[in-house]
Amino acid sequence: MIRPLQRLAGSATRRTVQSSSLRRLYATGAQTLPKSTSPIVSKLDFFNTVTGNGTTIPTYRVLDGAGQPLEGAELPEIDEAFARRLYEHMQLLPTLDNVLYNIQRQGKISFYYGEEATIIGSAAALENDDEVLGQYREMGVLLWRGFGLDKIMGQCFGNKEDTSGKGRQMPVHFGSPSHHFHTISSPLGTQIPQAAGVGYALRRDPNRRSKSIATCYFGEGAASEGDFHAGMMLASTIPSPTLYIARNNGFAISTPSSEQYYGDGIAARGPGYGIDTIRVDGNDVLAVINAVREARRRCLTQGRAVLVEAMSYRVGHHSTSDDSFAYRPRSEVEDRKRIDNPILRFRYFMESQGWWNAEAEDELKARLKADVMKAFKRSENLKRWELGELFTDVYGGEEPWNITEQRQELAGLLKKYGNAWEPWRKELAKFSDGGESLMKRA
Ligand SMILES: Cc1ncc(C[n+]2csc(CCOP(=O)(O)OP(=O)(O)O)c2C)c(N)n1
Ligand SMILES: [K+]
């Protein structure tokens, strides 16, 4: 009978034999452990930064705050016409923002909000038929692709110009198959794993393989959703040409990014998934163009995902239902507008090239405002879609029984209460917030 102690001694001997044979295997260079390129170290050392030594990931920029090239920076090759096109589109966003914001205050549409150098710079660096899956601040991509102000207004009003949404979506939830712009959905983060699927579909399509990529925009707040990690995992393990652009604008409504994550932003997560990553100054339109062009090139040549984190600051309120001065000082916003304004920075650059002056600025601002107001006035009077459209376009073939039932129920309700609706809507419009607080109480 073997006593426990002897059994232990016996297994210890076996372990010794095993480890010496392992030692021989290692000595001959044989790989017996899961594949890894990790070097072996004998120092007990924990880490929590990507770059090591406690330093954070750098931010790539080419223009300084005064619009002058940084020493050693390579600017993208752009001519005057292209620079003007960039600048006009950047200026168009705040113009639209102001008009739509004021319309909303009169209760005409639900809400609107926007951003500039990151959106226009990235749009300019993509091909117009790259698939785009946005969050809700990427209207500039559509404008860059020629979507047009009438279509923008049409979607916000839900009128007949809104040919894909047919008034069934919230304002600024655009979608346009012909512009390769997938419909925005309100739940945060859903587009992130979907984009990995779109990228994979492109890779499998013989006509689009190595030509088109999927581009996915999201905020640093959305990156806290589980869908972010699911998307990164998918794009990294089932490789696809998917470009992730994280817009880090410092706030997710009232949550500052300092409370959103404890690590080094969103960029630090890329290497964890083996994804090529860069952090770029999102207020430097030329740096964004360079970074996104190179990211796109990598997506296509490697057939793999790339992550770009664009750093900026949300100077506007989150939306028209938000008063951001409740959670950040007005002076902070004013400072950022003054010190780090993406439009102004590019204007300084244009001026230094002799491509822009005060006269051109005045002309542009007047023209953009007139264009936006014209589109707004036209849109206001256009007919809207029938309510019955609520039930179309989801199911092909015969209408399912439950949809028929819902359609009939709505018809009954409209018959009974339809007359009460119009005055109620007018009542709501009298409120400066479009009746939102009243609805909340109801
Ligand atoms: C799953 C989900 N949770 C919460 C919300 C409410 N919500 C809408 S926008 C938003 C903030 C998003 O912030 P971020 O992703 O950083 O984008 P940003 O608005 O700053 O561009 C929140 C919490 C939502 N739409 N979906
Ligand atoms: K954000």
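1. Nonpolar cores. In this predicted model, the largest nonpolar core has 67 residues, and those with the most contacts inside it are Leu86, Leu96, Phe174, Leu243, Leu286 and Phe346. A nonpolar core is here a set of buried Ala, Val, Leu, Ile, Met, Phe, Trp, Tyr and Cys residues joined through side-chain atoms within 4.5 Å; buried means under 20% relative accessible area, exposed over 50%, and partly exposed in between, with a 1.4 Å probe and protein chains only. Leu243 touches Leu126, Ile213, Ala214, Thr215, Cys216, Val292, Ala295, Cys299, Val306 and Val308, residues up to four places away in sequence not being counted. Contact means heavy atoms within 4.5 Å. A second, separate core has 22 residues, including Val198, Leu202, Ala222 and Ala246.

2. Basis of the values. The model is predicted, so local features need pLDDT of at least 70 and side-chain atom pairs count only at pLDDT 80 or more, while totals for chains, interfaces and linings use all residues. Residues are numbered from 1 along each chain as its sequence is written, chains are lettered from A and ligands numbered from 1 in the order in which they are written, and side-chain values use heavy atoms, with hydrogens and water left out.

3. Chain as a whole. The chain has 15 helices and eight strands, taken as DSSP runs (helices H or I, at least four residues; strands E, at least two) numbered from the N terminus. Of the 442 residues in the chain, 42% are buried. Among contacts between residues at least 6 apart in sequence, 73% join residues at least 24 apart.

4. Helix H2. This helix (residues 80-105) has 26 residues and reaches 38 Å from its first C-alpha to its last, close to the 38 Å expected at 1.5 Å a residue; the expected span is 1.5 Å times one less than the number of residues. Gly107 follows H2 and has a positive phi, near 80°. Arg84 is found in H2 and is partly exposed, with a relative accessible area of 30%. Leaving aside neighbours within four places in sequence, Arg84 is in contact with Met350, Trp355 and Trp356. Arg84 and Trp355 are 271 residues apart in sequence, yet 7.9 Å apart in space, C-alpha to C-alpha.

5. Helix H6. The end C-alpha atoms of H6 (residues 191-204) are 20 Å apart, which agrees with the 20 Å that its 14 residues should span at 1.5 Å a residue. Gln191, Ile192, Pro193, Ala195, Ala196, Val198, Gly199 and Leu202 are buried in H6. Their cover includes strands S1 (131-133), S2 (181-182), S3 (214-219) and S4 (242-248), together with helix H7 (226-237).

6. Second largest pocket. The volume is about 990 Å³. On a 1 Å grid over the protein atoms alone, a pocket is an open set of points with protein on both sides within 12 Å along at least five of seven lines, a cavity is a set where a 1.4 Å probe fits but cannot get out, and lining residues have an atom within 4 Å of a point. Of the 41 lining residues, Pro94, Asp97, Glu116, Val315 and Lys337 are the closest to the centre of this pocket. H2 gives the most to the lining, with nine residues.

7. Largest cavity. About 30 Å³ of space lies in the largest cavity, a volume being the space filled by probe spheres set on the points, which are joined across faces, edges and corners. Tyr136, Glu138, Met139, Val172, Phe174, Phe181 and Ile184 line this cavity.
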